[in-house]
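Please find below a note on the structure, written for a colleague who has not examined it before. The points are numbered so that each may be checked against the coordinates in turn.

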Amino acid sequence: MERAPLGAGDVRPEKMPGHWLLARLGKRVLRPGGVEATRWMLDELGIGERDDVVEFAPGVGATAQMVLERDPASYTGVERDREAARRVAEILHGNRRGCVVGDAGATGLASGCASVVFGEAMLTMQREVQKRRIAGEAYRLLRPGGRYGIHELCLVPEEIDGGTKEEIREKLSRTVRVGARPLTPGEWQALLESCGFEVTRCTLFPMRLLEPGRILRDEGPAGALRFAANLLRDRKARERVLAMRHIFRRYRSHIAAIVLVARKPATL
């Protein structure tokens, strides 16, 4: 079984945050909409060789590798976990590629240092004030005309009632072992607009993170087999993963993945 990333240390599987557990079991794609949604976001961001890219919370570095295939002028990951940052740095080769230890809400990077900023599956876990703080930091880092992308969990339909919304958030938080606070599509858009962004693209993808077909597409045959073998060897981990999948299936009509691409106005 692969080493536990993201500072998981010797935490027992039943207590470990869900994304740490999945990564420890060998799952590299931990985004709600899978590789398909990530590719859509990167395409819409239009990353090219002139772009200076900042990624919030790169995790195991799967999306960072996809970005580097586009050969941007620079790439900087901002990861608050020191061990995760070290592992991401190991896969970054060439000049002007690095990963710093820092808080996505206060990176310490220079204002206007980026033309593209993005983050995946991290705003969902933040409280409202921190969501705004992180989106505001992205706005600060971007030059006028820069692009910001997010790939997160969302609640549907837009008019979902408050009771159902809170029930889903509570069940997700209890099962995944992190505070899960997904928003509706309209609420995600309003969040970005409140920080000064102009939302240019928004689309939804099915949230099938732990379905066998999605695992095979995201991880490939070898990765899917490795993940399955690790599950079979660890009963406690298997119980956690099955519990997470049960919650995702139970609320499948109300949970989706969302990708939004926004722009910092060219004239301020």
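1. How many residues line the largest pocket, and which of them lie nearest its centre? In this predicted model, the lining of the largest pocket consists of 39 residues. Those nearest the centre are His19, Ala121, Met122, Met125 and Val178. The space in the largest pocket comes to about 940 Å³.

2. The lining of the largest pocket may next be considered by element. Two or more residues each are given to the lining by α1 (18-24), β2 (74-79), α5, β5 (142-155), α6 (162-176) and α9 (235-250). Helix α1 contributes the largest share, 4 residues. By class, the lining holds 24 nonpolar, 7 polar and 8 charged residues.

3. The packing of α5 against α7 deserves a separate point. The axes of helix α5 (residues 128-141) and helix α7 (residues 185-194) come within 9 Å of each other, with a crossing angle of roughly 55°. The two helices are therefore oblique to each other. The crossing of α5 past α7 is right-handed. On the α5 side, the contact is made by Glu128, Lys131, Arg132 and Ala135, and on the α7 side by Trp188, Leu191, Leu192 and Ser194. These residues of the contact of α5 with α7 comprise 4 nonpolar, 1 polar and 3 charged.

4. Helices α6 and α9, both named above for the pocket lining, also pack against one another. Their axes come within 9 Å and cross at roughly 165°. Because of that angle, α6 is roughly antiparallel to α9, the cut-off for this description being over 145 degrees. The handedness of the crossing of α6 and α9 is left-handed. From α6, the residues Glu167, Lys171, Leu172, Thr175 and Val176 meet Arg240, Ala243, Met244, Ile247, Phe248 and Arg250 of α9. The contact of α6 with α9 contains 6 nonpolar residues, 1 polar residue and 4 charged residues.

5. Helix α9 has a further partner in helix α8 (residues 212-233), and the two pack at an angle of about 145° with their axes 9 Å apart. In α8, the residues Pro212, Phe227, Leu231, Leu232 and Arg233 meet Arg235, Ala237, Arg238, Val241 and Arg245 in α9. The contact of α8 with α9 has 6 nonpolar and 4 charged residues, and no polar ones.

6. Which residues does Arg147 contact, leaving aside its neighbours within four places in sequence? Arg147 belongs to strand β5. With those neighbours left aside, Arg147 is in contact with Leu45, Gly46, Ile47, Asp51, Ser115, Val116, Val117, Leu142 and Ala262. The C-alpha atom of Arg147 is also 9.4 Å from that of Pro265, a residue 118 residues apart from Arg147 along the chain.

7. The peptide bond from Val156 to Pro157 is cis, and its omega is near -5°. Pro157 is found in the loop between β5 and α6.

8. The remaining details concern phi. Ala57, which is not glycine, has a positive phi, near 55°. Ala57 lies in the loop between β1 (52-56) and α3 (62-68). Asp71, likewise a residue other than glycine, has a positive phi near 50°. The loop between α3 and β2 holds Asp71.

How values were computed. Residues are numbered from 1 along each chain as its sequence is written. This is a predicted model: local features need pLDDT of at least 70, side-chain atom pairs count only at pLDDT 80 or more; totals for chains, interfaces and linings use all residues. Side-chain values use heavy atoms; hydrogens and water are left out. Axes are lines fitted to C-alpha atoms, for helices over the stretch in contact, and angles run from 0 to 180 degrees between N-to-C directions. Angles under 35 degrees count as roughly parallel, over 145 as roughly antiparallel, 65 to 115 as roughly perpendicular and the rest as oblique. A crossing is left-handed if the near helix is turned anticlockwise from the far one by less than a right angle, and right-handed if clockwise. Contact means heavy atoms within 4.5 Å. Ala, Val, Leu, Ile, Met, Phe, Trp, Tyr, Cys and Pro count as nonpolar, Asp, Glu, Lys and Arg as charged, and the others, Gly among them, as polar. On a 1 Å grid over the protein atoms alone, a cavity is a set of points where a 1.4 Å probe fits but cannot get out, and a pocket is an open set with protein on both sides within 12 Å along at least five of seven lines; lining residues have an atom within 4 Å of a point. Grid points are joined across faces, edges and corners, and a volume is the space filled by probe spheres set on the points.
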